[in-house]
Amino acid sequence: MKIHIAAHPLIGHKLTVLRDQNTKSPTFRQLTEEIVTLLAYEATRDIKTAPATVMTPVALFEGIELAEPRPVVVPILRAGLGMLEGMVRLIPTAEVGFLGMVRDHVTLQASTYANRLPENLEGRQCFILDPMLATGGTLIAAMEYLFERGATEVIAITILSAPEGIAAVEAAFAHKDHNITLVTGAVDAKLNEHGYIVPGLGDAGDRLYGVV
Ligand code: URA
């Protein structure tokens with residue numbers, strides 16, 4: 001798995017405010033979108049393009065455009081929804097599919113409760129949006145599903161990641177020839193006994209949607 005950890009002062013600044021327990025939901029949502037747009041810039045570095053020619057007022061110009069089939073953006077419900085706006089701001093022509101996944105607070109196992117994805121993922125680049133890579137269970141399940149459906153490449157965008165989650169994703173795909181990239185705002189110290197990232201930012205879904 002290729003891993004890109006954003007080392008940009010703007011992301012560092014915004015992340016610090018996001019982590020602050022006194023930051024209220026409206027600001028939390030706004031910052032999440034802004035951070036995702038910055039991460040998306042990095043995550044789309046290898047997005048597939050095709051040649052495109054346009055006529056400027058002066059001459060022909062041979063440029064590029066996003067290739068078909070279009071990339072698919074897959075927010076993991078619920079918390080990944082808070083990242084969608086920041087992502088489609090950068091690639092408004094992307095197709096959007098949804099995966100609803102929840103993890104059991106005791107076993108920490110992920111299960112799928114909703115699935116609305118484009119019919120055909122053959123040959124497509126998929127961008128998974130999930131703010132917290134904690135144990136890795138949700139991300140692994142989502143990635144396996146997208147590859148089963150034919151995706152050729154999966155790029156996961158997370159706001160924060162735990163070393164344990166990164167190791168779990170690496171182990172899960174170690175013997176498979178999949179094209180996987182993780183783009184994350186920061187890698188924190190560890191997980192606590194409840195599966196929360198430390199120092200982290202708490203429960204991302206609750207903080208996005210005001211259930212605190
Ligand atoms: N999910 C969250 O929302 N926060 C964590 O710290 C871990 C998983």
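**Entry 1: where the ligand sits**

I looked up the ligand first, and the space it takes is the largest pocket. A molecule counts as sitting in a pocket if more than half of its atoms lie within 2 Å of the pocket's grid points. I was working with a predicted model, where local features need pLDDT of at least 70 and side-chain atom pairs count only at pLDDT 80 or more, while totals for chains, interfaces and linings use all residues. My numbering runs from 1 along each chain as its sequence is written, and side-chain values use heavy atoms, with hydrogens and water left out.

**Entry 2: the pocket**

I found about 580 Å³ of space in the largest pocket. The 26 lining residues include A79, R103, D130, T138 and D203, which are the closest to the pocket's centre. The elements giving two or more residues to this lining are β4 (72-77), β6 (98-103), β9 (132-133), α4 (137-148) and α6 (204-209). I sorted the lining into 14 nonpolar, 8 polar and 4 charged residues.

My notes on terms:
- A pocket is an open set of points on a 1 Å grid over the protein atoms alone, where a 1.4 Å probe fits, with protein on both sides within 12 Å along at least five of seven lines; lining residues have an atom within 4 Å of a point.
- Points are joined across faces, edges and corners, and the volume is the space filled by probe spheres set on them.
- Helices (H or I, at least four residues) and strands (E, at least two) are DSSP runs, numbered from the N terminus.
- Ala, Val, Leu, Ile, Met, Phe, Trp, Tyr, Cys and Pro count as nonpolar, Asp, Glu, Lys and Arg as charged, and the others, Gly among them, as polar.

**Entry 3: around the ligand**

Around the ligand I listed R103, M132, A134, G195, Y196, I197, G202, D203 and A204, each with a heavy atom within 4 Å of it. This shell divides into 5 nonpolar, 2 polar and 2 charged residues.

I then checked backbone atoms. A backbone N or O atom of I197 lies 2.7 Å from a ligand oxygen, and a polar backbone atom of A204 is also 2.7 Å from an oxygen atom of the ligand. For G202, a polar backbone atom is 2.8 Å from a ligand nitrogen. Taken alone the ligand exposes 240 Å², and the protein buries 89% of that (Shrake-Rupley method, 1.4 Å probe).

**Entry 4: cis bonds and a side-chain contact**

I noted a cis peptide bond between L77 and R78, with omega about 5 degrees. R78 is in the loop between β4 and α3 (81-88), and its side chain makes a polar contact of 2.9 Å with that of D206, a residue of helix α6. Such a contact is a pair of N or O atoms within 3.5 Å; within protein, one must be able to donate a hydrogen and the other to accept it, and residues adjacent in sequence count only if both atoms are side-chain atoms.

I also found that the V198 to P199 bond is cis, with omega near 0 degrees; P199 is in the loop between β13 (197-198) and α6.
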